[in-house]
Amino acid sequence: MTLLQLEDVGVRFGGLQALQGVDLEVKQGEIFGLLGPNGAGKTTLFNVISGLTAPSSGTVRWRGASLDGLSSHRIARLGIARTFQNLRLFSSMSCLENVLVGLHQHASQQPLAALLQTQSFRRRESQLQQQALALLDLFQLEDTAHQDAASLSYGDRRRLEIARALASRPQLLLLDEPAAGMNPSEKDELRELIRRIRDQFKLTVLIIEHHVPLMLGLCDRLAVLNFGQRIALGSPDQVRRDPAVIEAYLGGGA
Amino acid sequence: MDAGLLEQMLLGALLGLSVYLPLRCGQLSLATPGFFAIGGTVAALLSTRVPALAGSGSTYPITSVLLEMALAALLTGVLALGLGRVVLRLRGIYLAIATIALVEILRVVTLNLEFTGGALGIFGIPQPFDSAAGYAAFTLALLALICWLCDRLEKNRPGRAMAAIRDDELAAASQGINTADTKLLAFVLSALVAGITGVVAAHFLNSWNAKLGNFDASITTLAFVVFGGSRTWLGPVFGGLLLTALPELLRPVGDLRLIVFGAVILVGPLFFPKGVITPELFKSFKRRIRGTPTAAAQGVKP
Amino acid sequence: MEGLLQLLFNGLSVGAVYALFALGYTLVFSVLGVINFAHGAIFTMGAYFTYLLIGGAVGANGLLAGLQFPFALPFWLALPLAGIASAAVALVVERIAFRPLRDRGSDPLLALITSLGAGVILVNLIQLLVGAESYSIPVGTLGSLPAALNIAGAKVRTVQVMLLAISGLLLAALSIWINGSRSGKALQAVSEDPITAQLLGINSSRVIQIAFGISGFLAGMAGGLVGLSISIAGPYFGIGYGLKGLGVLVLGGLGSVPGAVLGGLIIGLAEACVPADLSGYKDAVSFGFLFLVLLIRPQGLLGRPQSNKV
């Protein structure tokens, strides 16, 4: 079943056509990769899906319904979570608090209960704490729960951002270069981790990554963007052999 | 200590909280004196023009003060709701300048309107308390209530959302936080606190005029928060109490006192860029209060 | 026709001073991205310096009661000297209120507070030294110029013509400096992109100092001119200009030099158009403009749009 559908999506920034006529379908449960050289429009595509950038043309559909004009918090509440290429953690907060913000939608919304700290309210809050700790545990960040997010190593910060995104219990997870700055063994672990969370949380994953071997080994399907246009689509094997892809990566681009 | 000075300090702490609320959400709003002025004008007008509020006793009834506070809160709240939607689209220094303009426009209008008493203002505002000590007790209770509300707010969902917006508005929105509504909430709460404080101040000062909500007040109240710290409610309370007292405590140095005050504002941010009350200090403060209940009974926090 | 011309002159001469004032704001904003809240106090200093240099005597209320320089300079000499003295004050403000924050890598918004602290110190220092009374600069210091001129039927005060002429001269000199000199171009580079400018070997600390120096010079001259055309209404009189200057700044566009000039002239003219029976609302004109501009076009008339980075 199709979860996310992009129809003829185009984005124009002044004179720059960042995306042009992009069609994509992401099916429920798959790990879908976006490849392409720098400046190909991958992050712009993420920004369009998550509502940070309005498309100049075309439509994004979520479970068949258009996301046109929805603000990013509304889109997040529909079940689309994301991470950012250059890490956007809440740097004055601890790791635990970062994840708790991710749980925002699931916190109690009754102001009176919060003021009076009713029993049910406190139970709810302690459940949230436990959920947040469990998520940190899954990402091997339990020891740093009370440290400032800004004090973590680069790889740990990347993982914390994924944990925060997962906290909102999304159906679709957008990962923007999650392996950037990681060493080879961390990258291997990350690949296993992404597979594991996909199965455990019944997720669909859309991932941008430059590391081609990682992508070929991880993704069920891939699309390749170049100069804002989709130049290839298919299984890792199909994409690997696609002449347009070889051209983009080895030809004019180099 | 002189109860009159204590009352001024407590009012300072309340105004500090009013500036703090949007700032904790990353919004530098300097609108507090404007809402403070509206609150004071509401109190001054109602208590001098509406005979029904005066009661039969020798002092002005406290219930009437509470009623004024409710009306001031309603008025400032509705106004902040409308203005906030518009001005909170601006960021950083632009928001600061827009709110300065709001305060100045309000001041000029108040100065020129007939019914607000023009440049002279409104005199003879009735007294609900016989002494400054009565005011101080009443204001202390009000401050305690608002601190308690802030404490609850900070520990819960809206407080976390506010802190997230301050750190990174875009990332906050991506976590499903309605950033526009959260900022608006902070702005409205700020206006309510300022409006209510204005009501108390008008009675305490006995007269009210447009000068009380001017640009100087914007910056002084901001200094309370910057000096005290803007991560927890204790920061602005501390800053408000101390910096309001400072010019008075410095009275022995005579004419130099405002210069010393300026020096404190100048040097404070250099040595305490996060304010004197950092979150770490705040946590240890709370632990100490929990540890010794007697200290809690006498301390700032009820 | 004469009435209109009169109005035009009134408006433009006031607007020219606003423009001078706002230029100082804009220069500092363009290199640092913050407002210097001590700017109004520096303007005030300029007015007092001018008063002292033309041989004015200090009143009876300050520590310096009765002080009077043994010389009395003509206004045209006193004014630029007062500008230089104000520039020195601005450099001190930069040194104590701005540079320490930069050295420590603190939040630039803190400069709003520290500069205000510097302003409070300056204003109260003036009060302490020369008292709170108001002073005026006698028109006699202009030499043998007539008090009013007749231009196309409109009676125009000589002072107003001077305001316009001096402001125009300064603005022209400033734009020649910015576009023509090495340091002016360095200033532009730093305001475009401080990091790249640093990489290109531009000493941004030096550029910031230059911006403050010129900003203080212009503010001081503006203070002296207002002192001549109206009066020096006590140590606090710069604060009102400081606030109105914000309106000018925003209307023209934060950080834009031509914007500050255009904004100043527009607000000066708009104030001159306020009818006499509503003159109490004159002070709100600038803020009304400010508010409207922020809502409709936050980048101002000639500014660049705010960047919204993802």
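1. Basis. This is a predicted model, in which local features need pLDDT of at least 70, side-chain atom pairs count only at pLDDT 80 or more, and totals for chains, interfaces and linings use all residues. Residues are numbered from 1 along each chain as its sequence is written, with chains lettered from A and ligands numbered from 1 in the order in which they are written.

2. Helix crossing in chain A. Helix H3 (residues 95-102) and helix H5 (residues 119-138) of chain A have axes that come within 9 Å and cross at roughly 115°. Helices here are DSSP runs (H or I, at least four residues), numbered from the N terminus. Axes are lines fitted to C-alpha atoms over the stretch in contact, and angles run from 0 to 180 degrees between N-to-C directions. H3(A) is therefore roughly perpendicular to H5(A) (65 to 115 degrees).

3. Residues at that crossing. From H3(A), A:Cys95, A:Leu96, A:Val99 and A:Leu100 meet A:Leu128, A:Ala132, A:Leu133, A:Leu135 and A:Leu136 of H5(A). Contact requires C-beta atoms, placed from the backbone, within 7 Å. The contact has 9 nonpolar residues, no polar and no charged. Nonpolar covers Ala, Val, Leu, Ile, Met, Phe, Trp, Tyr, Cys and Pro; charged covers Asp, Glu, Lys and Arg; the others, Gly among them, are polar.

4. Chain B. Domain 1 spans 3-224 and domain 2 spans 278-302. Bounds come from an automatic or database domain assignment. Their centres, taken over C-alpha atoms, are 27 Å apart.

5. Chains C and B. Here 39 residues of chain C contact 34 residues of chain B. H4(C) gives the largest share of the chain C side, 11 residues. That side divides into 28 nonpolar, 8 polar and 3 charged.

Notes. Helices (H or I, at least four residues) and strands (E, at least two) are DSSP runs, numbered from the N terminus. Angles under 35 degrees count as roughly parallel, over 145 as roughly antiparallel, 65 to 115 as roughly perpendicular and the rest as oblique. Two residues are in contact if their C-beta atoms, placed from the backbone, lie within 7 Å.
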